[in-house]
Amino acid sequence: VSSEQRAPGPSGSMVGQSAPASRQVRHEGVQNSRDNKQEDPPDEEEAPTPQRRLVFDLDSSLVDLACHWQKYSILGHFNLSGHADEGVEAWGEKLLPKGVLSLADFRNHGVELDLSDTHVVASGFQELEEFSGAIKRDSTVTSLRLTRAKIGNSGASWIAGALMRNQALTELVLSSNGITDEGIDPIAAVLDSNNVLKKIDLSDNRIGSRGAQQLASGVSRNRSLTELNLSRNSIGDQGAEEFLAILDVAVRPKPAVLRVLDLSGNLITRPTEDRLMSAYHRNITVLNTLRLSEADGQVDPDKGKPPRFTVVCTQQGIEVRAGRPGPRAQVSWEQDQGDVEIVLKRPELRRTDSTIVDVGFGYRRLKVTVRGELLMDIELAARIRPDDCAWTVGDGYLQVVLAKAEVGRWQSLTA
């Protein structure tokens with residue numbers, strides 16, 4: 001059984017060619033090979049349009065649920081991501097003609113499900129219950145991303161409960177979800193029983209010192225977690241010092257296995273930062289990387305790995321992209337005869353974030369990254385003068401001003 005995906009018209013970001021279909025189906029969302037499908041009869045008034053056939057055969061309860069939600073318009077988009085040994089373009093050219101995405105296509109690099117910037121998980125009790133059950137049953141997805149998913153403490157608690165039963169997830173990203181110390185308690189408890197998780201990202205939440213102390217306690221007993229991101233929270237000295245205690249090889253004969261700790265952007269005082277850095281540089285902790293400032297730079301998680309591909313799944317069709325799509329942002333733009341002003345609204349941005357924002361100008365290219373994540377990479381409608389362009393960051397927004405190479409009005413922002 002296969003599902004037909006309507007592809008948007010050919011574009012530079014598409015990999016492979018659209019395959020013509022003899023008829024058009026009404027449903028355009030992503031389907032899973034395990035669904036029981038009943039297709040509507042063709043609409044005789046509509047002309048046939050290009051279709052792309054793609055079946056998900058991943059034996060994953062989480063992917064099944066995402067497909068089910070999208071089929072009934074509960075979920076607008078989700079992404080599946082992995083690494084392609086042969087390169088993304090070659091990988092896509094093999095995938096789309098055969099029309100089936102299976103575990104073999106991910107090799108042994110793991111399967112990432114990204115539900116960031118979607119709010120379905122937090123939309124009600126039924127959705128939380130379905131999602132929790134899918135996590136418990138899933139044995140395929142190795143990385144789950146839920147950035148800006150509005151799950152809050154309740155969602156964190158449900159997910160933590162499900163992780164007690166999951167033996168596949170090695171990475172969990174719950175950044176920017178309004179999680180407080182109350183929501184951290186069940187996550188810390190998971191570390192006592194789950195010895196599969198290797199990376200947890202809880203950045204940009206509302207975690208204080210008590211939550212950090214709970215996490216440190218759980219980390220001290222866990223034998224699998226090697227990376228923990230607690231940046232941009234409200235952790236003070238007490239929380240930071242608790243981590244120093246569990247990571248000090250002189251204090252603990254069997255210290256935690258944690259190797260990467262990010263505490264940047266918190267409320268840690270300078271004397272405590274100095275003690276942490278002193279211990280780190282004197283090699284009396286087990287850490288390989290310690291970040292206390294956002295100016296320290298971040299390690300590329302894909303460094304040394306094959307190129308990353310992402311299968312973007314929307315109700316309009318399937319798109320294969322290189323890399324991981326950046327966080328979605330509300331974008332607006334206006335122009336006069338000589339300049340174009342673009343405003344990207346991101347609630348978590350602060351006017352002090354200039355060190356973590358990178359804006360690249362080409363003659364017909366604009367690329368924006370924040371904390372190493374791609375926010376925008378577009379081909380512009382016309383040429384600009386890169387040396388005369390500028391940008392500024394404020395609370396909740398990034399403003400970019402493009403200097404046009406030729407005076408006149410653009411019909412659109414992108415080519």
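Biologist: Why are α4 and α5 called roughly parallel to each other in this predicted model?

Modeller: Angles under 35 degrees count as roughly parallel. Helix α4 (residues 152-163) and helix α5 (residues 181-190) pack at about 10 degrees, with their axes 8 Å apart, so α4 and α5 get that label.

Biologist: Okay, and which residues make the contact?

Modeller: From α4 you have Asn 153, Ala 156, Ser 157, Ala 160 and Leu 163, and from α5 Glu 182, Gly 183, Pro 186, Ile 187 and Val 190. They split into six nonpolar, three polar and one charged.

Biologist: Now helix α2. How do you know that its buried residues line one face of the helix?

Modeller: Buried means under 20% relative accessible area, and in α2 (residues 88-98) the buried ones are Val 88, Trp 91, Gly 92, Leu 95 and Leu 96. Look down the axis of α2 and these residues fall within an arc of 115 degrees, so they line one face.

Biologist: What is exposed on the other side of α2?

Modeller: That would be Glu 89, Lys 94 and Pro 97.

Biologist: What makes the reach of α3 close to the expected one?

Modeller: Helix α3 (residues 125-137) has 13 residues, and at 1.5 Å a residue 18 Å is expected. From first C-alpha to last, α3 reaches 19 Å, which is close to that.

Biologist: And what covers the buried residues of α3?

Modeller: The cover includes α1 (61-71), β7 (143-145) and α4. Among the buried residues of α3 are Leu 128, Phe 131 and Ile 135, and Glu 127 is one of them too.

How values were computed:
Residues numbered from 1 in each chain as written. Predicted model: local features only at pLDDT ≥ 70, side-chain atom pairs only at ≥ 80, totals over all residues. Heavy atoms only, no water. Axes fitted to C-alpha atoms, helices over the stretch in contact; angles between N-to-C directions. Helix = DSSP H or I, 4+ residues; strand = E, 2+ residues; numbered from the N terminus. Parallel < 35°, antiparallel > 145°, perpendicular 65-115°, else oblique. Contact = heavy atoms within 4.5 Å. Nonpolar A, V, L, I, M, F, W, Y, C, P; charged D, E, K, R; others polar. Buried < 20%, exposed > 50% of the residue type's maximum accessible area, 1.4 Å probe, protein only. Arc of directions from axis to C-beta. Expected span 1.5 Å × (residues − 1).
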